[in-house]
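Here are some notes for reading this structure alongside its sequence. Please keep the structure open while you go through the points, and look for each residue as it is named.

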Amino acid sequence: MGIISEYVDQTGKETRKTSDATRIALLRVMGIDARSDTAARQSLAQLDEDERMALVVPTAVVRIDDRNAGTRVRIDDDARMVEWSMGIASESGSEVFHEGRAPVVNGTATIAYPPEMAAGYYDLRLRVRTTGAPREGHQTLVVTPGNCPTPSDVLKGRRVFGLTTNLYTIHGRESWGIGNFGDLRALVEWGGEIGAAFVGVNPLHALFNRGTDISPYSPVSRLYRNVIYLDVGAIPELAESPDAQAMLGSTALRAMRLDLRSSDRVAYERIAGALGPVLRVLYRTFTERHGSGTGRGELFRQYVEEQGPELENFATFMALDAHLMKGAGSAREHLPWREWPKRYQDPRSAAVAAFRRANAEAVDFHRYLQFELDCQLAAAATAARDAGMPIGLYQDLAIGTSPRGSDVWAFPDLFLEGATIGAPPDPLSASGQNWGLPPIDPRRLAQDGYRYWIRLVRASLRHSGALRIDHVMGLFRQFWIPEGESGSSGAYVRFPADALLGILALEATRSGALVVGEDLGTVPPDVPPALKERNMLSSKVLYFER
């Protein structure tokens with residue numbers, strides 16, 4: 001199940017072994033009963049049977065230059081030869097067919113993939129026959145270029161520098177007390193004037209923007225962005241909405257904005273509360289003026305279609321979060337989604353579908369906000385290109401997502417309960433660190449064709465010339481802490497690094513973007529060479545290097 005038996009701590013001297021109690025707890029989180037020898041044997045037998053019944057593994061990730069790549073087929077009889085036929089559908093929908101015969105060795109046959117396949121995603125359907133009835137299987141096949149773009153590819157030998165900032169601290173004279181995408185665009189333009197090659201920012205992931213839910217490293221969703229970064233003055237509907245203009249010009253709102261700008265803190269909840277009514281008026285203007293017959297309306301329709309069910313689930317979650325508040329008046333409070341009525345806790349339920357239909361406008365409002373965020377970030381990326389930046393925007397992908405967020409709600413079979421991600425004991429913290437982030441089940445990730453990871457990487461690379469992967473060791477192994485325990489009781493769980501890095505290389509190549517792995521902390525010896533082999537850059541902190 002990938003639970004690693006021991007690890008060497010950050011000192012490089014002490015080996016910490018995984019206890020049986022930790023193994024049992026983490027296996028239970030994965031849905032495996034190992035509380036006794038009998039239960040463990042039964043669980044192992046079931047895993048073996050599941051593996052035997054599957055003709056092929058659900059997902060295969062192979063390098064384009066691996067000419068010996070093929071899928072291993074499990075044969076459950078004494079046959080020495082297998083006849084096979086294979087249909088391979090590409091992303092464009094075109095399909096090719098191959099057939100042949102392959103020898104069976106120790107109960108398995110290896111069927112080679114066609115050597116002429118280009119890098120990309122494929123849907124493979126396989127049919128095999130030996131002495132008995134034919135068997136059929138399905139596999140998601142990912143062919144990767146193997147490596148990410150290099151600085152030489154992007155920079156053509158130039159030595160460059162760039163700027164990095166926490167966007168929420170960089171705001172202009174007309175801000176709402178927080179930096180926004182208009183300020184990012186201004187920073188990009190100034191960076192271009194002084195010869196910078198990029199502007200790097202903190203994770204821009206969606207947040208609740210209330211209470212303690214303000215950390216960009218514990219977001220509502222890593223697939224979508226934070227509404228608080230919208231530049232209201234740049235939204236096209238503002239010029240078409242006298243109501244919104246009147247709201248912005250009101251004495252009360254002008255005074256509030258001045259107060260927010262003068263604060264030495266970012267008042268997330270107050271800023272979001274002030275933005276909300278204005279954004280709703282702008283959304284109404286959009287729906288009234290921009291149907292399918294306008295250019296902006298068509299761009300919105302294309303964006304929604306491209307984002308698919310992931311955007312629909314995110315927008316539905318945000319609408320439900322607002323709908324299911326408890327209390328009355330100013331005392332109203334948001335509920336964690338696990339405290340919602342049971343019928344709304346499953347995104348696939350009939351009740352959620354009915355809510356979506358009955359509250360179509362509330363759901364669509366959140367689609368509109370993400371559409372406008374995407375437009376404004378695209379404008380900042382265009383400004384970077386126009387300013388001559390060879391890299392442009394340098395974005396940041398957080399290691400995890402909040403247990404209270406929409407990603408966990410929308411992918412209930414992927415995220416696990418009963419453990420959290422963290423870091424082992426080290427000189428920074430003698431008891432380890434518990435980040436409170438729910439782990440992803442690596443088996444289910446592969447069984448689902450790495451769909452969430454693909455969408456995550458694409459969302460992070462969108463409008464990016466470079467991407468930082470927070471805690472890149474998490475692609476190799478993650479430190480899981482059983483619920484209620486300290487970091488000293490945690491253990492590392494192995495992740496399918498080759499597959500995750502291969503998909504990352506494919507998406508980065510398609511985007512022409514550099515990838516930087518933040519490799520600070522307890523770094524296994526196999527991580528640096530693996531990153532170097534993939535052309536992933538390393539993250540170094542001057543203070544530590546000195």
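1. A nonpolar core, as the term is used here, is a set of buried Ala, Val, Leu, Ile, Met, Phe, Trp, Tyr and Cys residues that are joined through side-chain atoms within 4.5 Å. A residue counts as buried when its relative accessible area is under 20%. Please bear in mind throughout that this is a predicted model.

2. With that definition in hand, which residues touch the most other members of the largest nonpolar core? They are Leu184 and Trp453, in a core that has 120 residues. Helix H10, which runs over residues 360-386, gives this core its largest share, namely eleven residues. In soluble globular proteins, nonpolar side chains tend to be buried together.

3. Leu184 deserves a look of its own. If its neighbours within four places in sequence are set aside, Leu184 is in contact with Leu167, Val199, Val201, Leu377, Ala380 and Leu393. There is also a second, separate core of 23 residues, and Val56, Ile88, Val128 and Leu141 are among them.

4. H6 has twelve residues, 251-262, and reaches 17 Å from its first C-alpha to its last, close to the 16 Å expected at 1.5 Å a residue. Leu253, Arg257 and Leu260 are buried in H6, and because they cover an arc of only 65° around the axis, they lie on the same side of the helix. An α-helix has 3.6 residues a turn, so residues three or four places apart point the same way. On the other side of H6, Thr251, Ala252, Arg254, Leu258 and Ser262 are exposed. The cover over the buried residues of H6 includes helix H5 (242-249) and helix H7 (268-289).

5. Thr22, Ala25, Leu26, Leu27 and Val29 are buried in H1, and what covers the buried residues of H1 includes strand E15 (419-423), strand E18 (477-482) and strand E19 (491-494). After H1 comes Gly31, whose phi is positive, near 90°.

How values were computed: Residues are numbered from 1 along each chain as its sequence is written. This is a predicted model: local features need pLDDT of at least 70, side-chain atom pairs count only at pLDDT 80 or more; totals for chains, interfaces and linings use all residues. Side-chain values use heavy atoms; hydrogens and water are left out. Helices (H or I, at least four residues) and strands (E, at least two) are DSSP runs, numbered from the N terminus. The expected span of a helix is 1.5 Å times one less than its number of residues. Buried means under 20% relative accessible area, exposed over 50%, partly exposed in between (1.4 Å probe, protein chains only). The arc is that of the directions from the helix axis to the C-beta atoms. Contact means heavy atoms within 4.5 Å.
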